[in-house]
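Subject: The model we talked about

Hi,

Here is the structure I promised to pass on. Have a look at it first, then read my notes below.

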Amino acid sequence: MPERSLHESIRRGLAGRCPRCGAGRLFDGFLTLRPSCPSCGLDYGFADSADGPAVFVIFISGFIVVFAALVVEFVFAPPYWVHAVLWLPLILITTLLPLRPMKGLMIALQYHHQAAEGRLTGGDRP
């Protein structure tokens, strides 16, 4: 297959498509990765996003929710139940919606950059 641009890899990852062909779906369930692409047969065994997507989403969501909660607290000083009504749905939205696209993005970037587990190849290292 021809070399894909970084822009193309990012677009395919965010869409949850195969990083090689762009036609097959990357996920079986919400975050469950398929074993391989149904279209081109790419084995997804190389993909190991681990906790990376969740960490990025938590940092971004945390910044948004904490900033908004602090602004509302200092400007309006509402009771605690208002905070719960406002911020619990926002926390769910800002964490669950971007999690799948972020996981797809990290897998597509692993494929694009041919990232693999580090290995020692010998030499003078123990």
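The angles run from 0 to 180 degrees between N-to-C directions, and the axes are lines fitted to C-alpha atoms, for helices over the stretch in contact. Helices themselves are DSSP runs (H or I, at least four residues), numbered from the N terminus.

Before you dig in, note that this is a predicted model, where local features need pLDDT of at least 70, side-chain atom pairs count only at pLDDT 80 or more, and totals for chains, interfaces and linings use all residues. Residues are numbered from 1 along each chain as its sequence is written, and side-chain values use heavy atoms, with hydrogens and water left out.

**How the helices pack**

Two packed helices are described by the angle between their axes and the distance between the axes. Take helix 2 (residues 52-76) and helix 4 (residues 99-112): their axes are 9 Å apart, at an angle of about 130 degrees. Helix 2 and helix 4 are therefore oblique to each other. The crossing of helix 2 and helix 4 is right-handed, a word used if the near helix is turned clockwise from the far one by less than a right angle.

Which residues of helix 2 and helix 4 meet? On the helix 2 side they are Gly52, Pro53, Ala54, Phe56 and Val57, and on the helix 4 side Leu99, Met102, Lys103 and Met106. Contact here means heavy atoms within 4.5 Å. Sorted by class, this contact of helix 2 with helix 4 has seven nonpolar residues, one polar and one charged. For the classes, Ala, Val, Leu, Ile, Met, Phe, Trp, Tyr, Cys and Pro count as nonpolar, Asp, Glu, Lys and Arg as charged, and the others, Gly among them, as polar.

Next, follow helix 2 to helix 3 (80-96). The axes of helix 2 and helix 3 come within 9 Å and cross at roughly 160 degrees. That makes helix 2 roughly antiparallel to helix 3. This crossing of helix 2 and helix 3 is right-handed. From helix 2, the contact uses Val57, Ser61, Ile64, Val65, Ala68, Ala69, Val72 and Glu73; from helix 3, it uses His83, Leu86, Trp87, Leu90, Ile91, Thr94 and Thr95. Between helix 2 and helix 3 the classes come to ten nonpolar, four polar and one charged.

Helix 4 also packs with helix 1 (residues 6-15), where the axes come within 7 Å and cross at roughly 145 degrees. Helix 1 and helix 4 cross in a right-handed way. Leu6, Ser9, Ile10, Gly13 and Leu14 of helix 1 touch Pro101, Gly104, Leu105, Ala108, Leu109 and His112 of helix 4. This contact of helix 1 with helix 4 has seven nonpolar and four polar residues, and no charged ones.

**The cores**

A nonpolar core is a set of buried Ala, Val, Leu, Ile, Met, Phe, Trp, Tyr and Cys residues joined through side-chain atoms within 4.5 Å. Buried means under 20% relative accessible area, exposed over 50%, and partly exposed in between (1.4 Å probe, protein chains only). The largest core has nine residues: Cys18, Cys21, Leu26, Phe27, Cys37, Leu42, Tyr44, Ala47 and Ile107. A second, separate core has five residues, including Ala68, Ala69, Val72 and Trp87.

What does Cys18 contact, leaving aside its neighbours within four places in sequence? Cys18 is in contact with Arg12, Gly24, Cys37, Cys40, Leu42 and Tyr44.

Ser49 sits in the loop between helix 1 and helix 2. Is Ser49 buried or exposed? Ser49 counts as buried, at 9% relative accessibility. Not counting residues up to four places away in sequence, Ser49 touches Lys103, Met106, Ile107 and Gln110.

Ala50 is in the loop between helix 1 and helix 2 too, but Ala50 is exposed, with a relative accessible area of 59%. Ala50 has a phi near 50 degrees, a positive value in a residue other than glycine. Gln114, in the segment after helix 4, also has a positive phi of about 50 degrees although it is not a glycine. Gln114 counts as exposed at 68% relative accessibility.

Finally, Pro79 lies in the loop between helix 2 and helix 3 and is partly exposed at 41% relative accessibility.

Happy exploring!

Methods: Helix = DSSP H or I, 4+ residues; strand = E, 2+ residues; numbered from the N terminus. Parallel < 35°, antiparallel > 145°, perpendicular 65-115°, else oblique.
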